[in-house]
Amino acid sequence: MERLLSGMQPTGVLHLGNLEGALRNWVRLQKDYEMFCCIVDWHALTTMYNRTDEISSSAREVAAEYIAAGLDPEKCSIFLQSHVKEHAELHLLLSMITPLGWLERVPTYKEKRENLGLNEESLSYGLLGYPVLMASDILVYRAQAVPVGKDQVPHLEITREIARRFNFLYGDVFPEPKAIVNESAAVVPGLDGRKMSKSYDNAIYLSDDADTVAKKIMSAFTTETKIRKSDPGIPETCVVCQLRKLYDPEGYQTSWEEDRRGERGCVQNKRELIDIINASLEPLRIKRKELLADPAQLEKYLEDGAERARQVTSETLTIVRKAMNLR
Ligand code: AMP
Ligand code: TRP
């Protein structure tokens, strides 16, 4: 069986972008692959180093959300990055062979620098090294593929470059992992039309109750030039229509056509979407609550996951140390 690794940062609870862009794919793939689903709490430190208590509680919530969304902890290993120390050892070794220029060019690094308003003084070594740690997460499992959202593709490119460089220097150890992107949900739009993201405050969370989802969708951007019901809408750029397509792939077309012809208003569109999304999220909300009500069981899942992960990672590090003459 081929091996897959993926991860998310516990910087908060998950939103529909995480669910549709990445997590749904993981759930589908767990049947056919040996899956490792990592909660990358060390990565979260790159931006939340002064709020470590939040990382730890959010990691448990993310674990509950993975399982509530359909990941089976018996089938795939769910664990915290910080529980598997080999990620850190490989990170150190890979950092020695990764040129600085590769890291400075990574688009997410540039974005974070700008979004967080960081100047040279407050830029940390860890933030620049983020992609090296991510490469270690993947390579330490010698994973063949990584299911992620489209925004992570540049990180995978650098992972492949690092693997190639390692193999060139020390012999063939790592496969070059490819990205598996769910094209139908490559980028889930947020309520304001930008990419759904926690940092834009435009997200619908798996933890939102039905009323919160309703309020949020009522406030979503539609078509700016559609003021009256009879004005034509532009479904391609309307957040509500886009989410409708994602959550109602069989039936959305009629509503899109009516929107285009000015035969339906945004309020009707929003009301219908609220019902569709709430119906889809309800089972997940119930399961999430149950899991969080039993923290001991959740911890057990995470311990078992880490144990299985360590079996693979310790083997990889034995190979790596030997290849690098670290005897
Ligand atoms: P993040 O929350 O940015 O750490 O992302 C975790 C995972 O969710 C990654 O695989 C992302 O590619 C995916 N993801 C995050 N936001 C979105 C979005 N708006 N649309 C699609 N995928 C997303
Ligand atoms: N960078 C990823 C994100 O922000 C999180 C991540 C860290 C990851 N390590 C990984 C994703 C390994 C896939 C594989 O979403």
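Let me start with the residues around ligand 2. There are 14 of them, and the nearest are Gly7, Tyr130, Met134, Asp137 and Gln152. Please keep in mind that this is a predicted model.

An N or O atom in the side chain of tyrosine 130 is 2.7 Å from a nitrogen atom of ligand 2. For aspartate 137, a polar side-chain atom lies 2.7 Å from a nitrogen atom of the ligand. For glutamine 152, the corresponding distance, again from a polar side-chain atom to a nitrogen atom of ligand 2, is 2.9 Å. How much of ligand 2 does the protein cover? On its own, ligand 2 has 360 Å² of accessible area, and the protein covers 90% of that.

Next, where the shell comes from. Two elements give two or more residues to the shell around ligand 2: strand S1, residues 3–8, and helix H8, residues 130–139. The largest share is from H8, with 4 residues. By class, the shell has 7 nonpolar residues, 6 polar and 1 charged.

Now to the pockets. Which pocket does ligand 2 take? The space taken by ligand 2 is the largest pocket. Its volume is about 1,400 Å³. The lining of this pocket is made of 50 residues, and those nearest the centre are Gln9, Asp151, Gln152, Lys195 and Ser197. So far as elements go, two or more lining residues come from each of S1, helix H1 (16–29), helix H2 (41–48), helix H6 (107–115), H8, strand S4 (145–147) and helix H9 (153–170). The lining divides into 24 nonpolar, 18 polar and 8 charged residues.

Last, the second largest pocket. Its volume is about 370 Å³. It is lined by 17 residues, with His91, Ser95, Tyr125, Gly126 and Gly129 closest to the centre. Which elements supply at least two residues of this lining? They are H2, helix H4 (86–95), helix H5 (100–104), helix H7 (125–128) and H8. H4 gives the most, 4 residues.

One point to take from the element lists: H8 supplies residues to the shell around ligand 2, to the lining of the largest pocket and to the lining of the second largest pocket.

Technical notes:
Residues are numbered from 1 along each chain as its sequence is written. Chains are lettered from A and ligands numbered from 1 in the order in which they are written. This is a predicted model: local features need pLDDT of at least 70, side-chain atom pairs count only at pLDDT 80 or more; totals for chains, interfaces and linings use all residues. Side-chain values use heavy atoms; hydrogens and water are left out. A residue is near a molecule or strand if one of its heavy atoms lies within 4 Å of it. A polar contact is a pair of N or O atoms within 3.5 Å; within protein, one must be able to donate a hydrogen and the other to accept it, and residues adjacent in sequence count only if both atoms are side-chain atoms. Accessible areas come from the Shrake-Rupley method with a 1.4 Å probe; for residues, only the protein chains shown count as cover. On a 1 Å grid over the protein atoms alone, a cavity is a set of points where a 1.4 Å probe fits but cannot get out, and a pocket is an open set with protein on both sides within 12 Å along at least five of seven lines; lining residues have an atom within 4 Å of a point. A molecule sits in a cavity or pocket if more than half of its atoms lie within 2 Å of its grid points. Ala, Val, Leu, Ile, Met, Phe, Trp, Tyr, Cys and Pro count as nonpolar, Asp, Glu, Lys and Arg as charged, and the others, Gly among them, as polar. Grid points are joined across faces, edges and corners, and a volume is the space filled by probe spheres set on the points.
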